[in-house]
Structures are given as C-alpha cells and as structure tokens.
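Colleague: I am new to this structure and would like to go through some of its side-chain contacts. Could we look at it together?

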Amino acid sequence: MKKVVVAIDGSEASRGVVDYAIHYANREPDAEMLFLHVIDLSEYKPVFYGEGTVVVPPSDEEVKAQFEEFIKEEIKALGKTIPRMSISVRSGKIYDQIVKFAEENGASMIMVGHRGLGAMERFFLGSVAAKVVANAPCSVYVHRPRTEADVE
C-alpha cells in the first residue's frame with residue numbers, strides 16, 4: 001500500500017494539492033491519503049487576560065473539523081471519492097512536522113503546494129516546499145498553481 005502525505009493549509013495552492021490528491025487516489029486504488037495540517041503561528045488567536053494579551057493556538061479538533069469540511073467540499077466538487085484517507089493536525093515548524101509525519105508513517109510520497117513567495121519573502125522565510133524536498137525521506141510532488149500566463 002502506498003502512503004501519501006498531503007500537506008494542506010487552506011490556501012489556493014493547497015486546494016490544488018487536494019484536487020491532485022483526489023485524482024491520484026482514484027488512479028491508485030491502493031493509495032492511502034494522509035492529509036496533514038500543521039498549525040502555524042498566524043492561526044493563533046489573541047485572548048485578553050487581565051491587562052495583557054496572550055496568543056493561543058486553535059484546538060486540534062477545531063482545525064481538524066475545518067479541514068475535514070475543506071476536503072469534503074473538494075471531493076464533492078470533483079464528484080469522486082477517496083477510499084482510504086485520514087486527517088491529522090500538528091503544531092510546530094511546518095516543514096519539520098511534514099517530514100517527521102512522513103517518516104513516522106512510512107510514506108512513499110509527500111504532496112505539498114508551492115505558494116510562489118516573492119524573492120524577498122523567500123530570502124527571509126525560505127520555502128516550505130524547498131525545505132520539505134531537501135529533508136524528505138521519500139519522493140515529493142510540489143504542486144505549482146497555474147497562472148493566467150501559463151494558460152495563454
């Protein structure tokens with residue numbers, strides 16, 4: 001059985017990865033799709049406490065429910081199914097958690113989206129996809145969304 005980690009974050013690039021994963025699961029009936037979302041600092045919510053503010057991460061259950069709905073919508077829109085799938089949520093450095101999850105599950109492939117950071121952002125932040133490719137224990141499919149220029 002092929003285990004495929006599908007890293008998702010809710011972005012348009014992530015939607016493309018989910019669509020590709022759905023098509024892949026229908027072409028490869030023995031594939032198990034392991035969807036993974038890593039909670040990022042940008043998802044933390046401010047909570048006012050006394051005279052200060054504390055930043056708290058969303059609950060894993062809340063995030064998991066949100067991504068279950070996201071994946072169900074994509075499956076319904078494409079009119080397909082995914083016979084074997086699971087959804088997991090983790091916190092930490094995104095690329096590090098994706099790689100660890102793939103190692104722990106004996107994944108044969110990781111699917112991840114490419115957001116297309118600008119040169120300055122890429123210089124300071126690095127690319128999650130590039131870090132996953134550099135550290136992955138298996139093959140990595142990087143989904144790059146098509147732009148209008150690609151279509152013409």
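Colleague: Is Phe67 buried or exposed?

Modeller: In this predicted model, Phe67 has a relative accessible area of 3%. Phe67 is therefore buried, since the cut-off for that class is under 20%.

Colleague: What about Phe70, buried or exposed?

Modeller: Phe70 is buried, and its relative accessible area is 9%.

Colleague: How are the rings of Phe67 and Phe70 arranged?

Modeller: Their planes stand at 80° and their centres are 6.0 Å apart, so the pair is edge-to-face. Phe67 and Phe70 both belong to helix H2, which covers residues 60–78. They are 3 residues apart there, a separation of about one helical turn.

Colleague: How many aromatic pairs are there in the whole structure?

Modeller: The search finds 2 aromatic pairs. One of them is formed by Tyr20 and Tyr141, with 15° between the planes and 4.2 Å centre to centre. That pair is stacked, because planes under 30 degrees apart fall in that class.

Colleague: Where in the chain do Tyr20 and Tyr141 lie?

Modeller: Tyr20 is in helix H1 (residues 12–27), whereas Tyr141 is in strand E7 (residues 139–143). The pair links distant parts of the chain, 121 residues apart. Tyr20 is partly exposed at a relative accessible area of 27%, and Tyr141 is partly exposed at 24%.

Colleague: Changing topic, how many salt bridges does the structure hold?

Modeller: There are 4 salt bridges. Among them is the one between Glu28 and Lys2, at 2.8 Å from N to O.

Colleague: Which parts does the pair of Glu28 and Lys2 tie together?

Modeller: Glu28 is in the loop between H1 and strand E2 (31–39), and Lys2 is in strand E1 (residues 2–7), so the pair joins parts that are 26 residues apart in sequence. Glu28 is partly exposed, at 23%, and Lys2 is partly exposed as well, at 29%.

Colleague: Which residue does Glu104 meet in a salt bridge?

Modeller: Glu104 meets Arg90, at 2.2 Å from N to O. Glu104 is in helix H3 (residues 94–105) and Arg90 in strand E5 (residues 85–91), 14 residues apart. With a relative accessibility of 53%, Glu104 counts as exposed.

Colleague: And how far apart are Lys100 and Asp96 in helix H3?

Modeller: Lys100 and Asp96 are 4 residues apart, about one turn of the helix. Their side chains form a salt bridge of 3.3 Å, N to O. Lys100 is partly exposed at 36%, and Asp96 is partly exposed at 26%.

Conventions: Residues are numbered from 1 along each chain as its sequence is written. This is a predicted model: local features need pLDDT of at least 70, side-chain atom pairs count only at pLDDT 80 or more; totals for chains, interfaces and linings use all residues. Side-chain values use heavy atoms; hydrogens and water are left out. Rings of Phe, Tyr and Trp (its six-membered ring) pair if their centres lie within 6.5 Å; planes under 30 degrees apart count as stacked, over 60 as edge-to-face and the rest as tilted. Helices (H or I, at least four residues) and strands (E, at least two) are DSSP runs, numbered from the N terminus. Buried means under 20% relative accessible area, exposed over 50%, partly exposed in between (1.4 Å probe, protein chains only).
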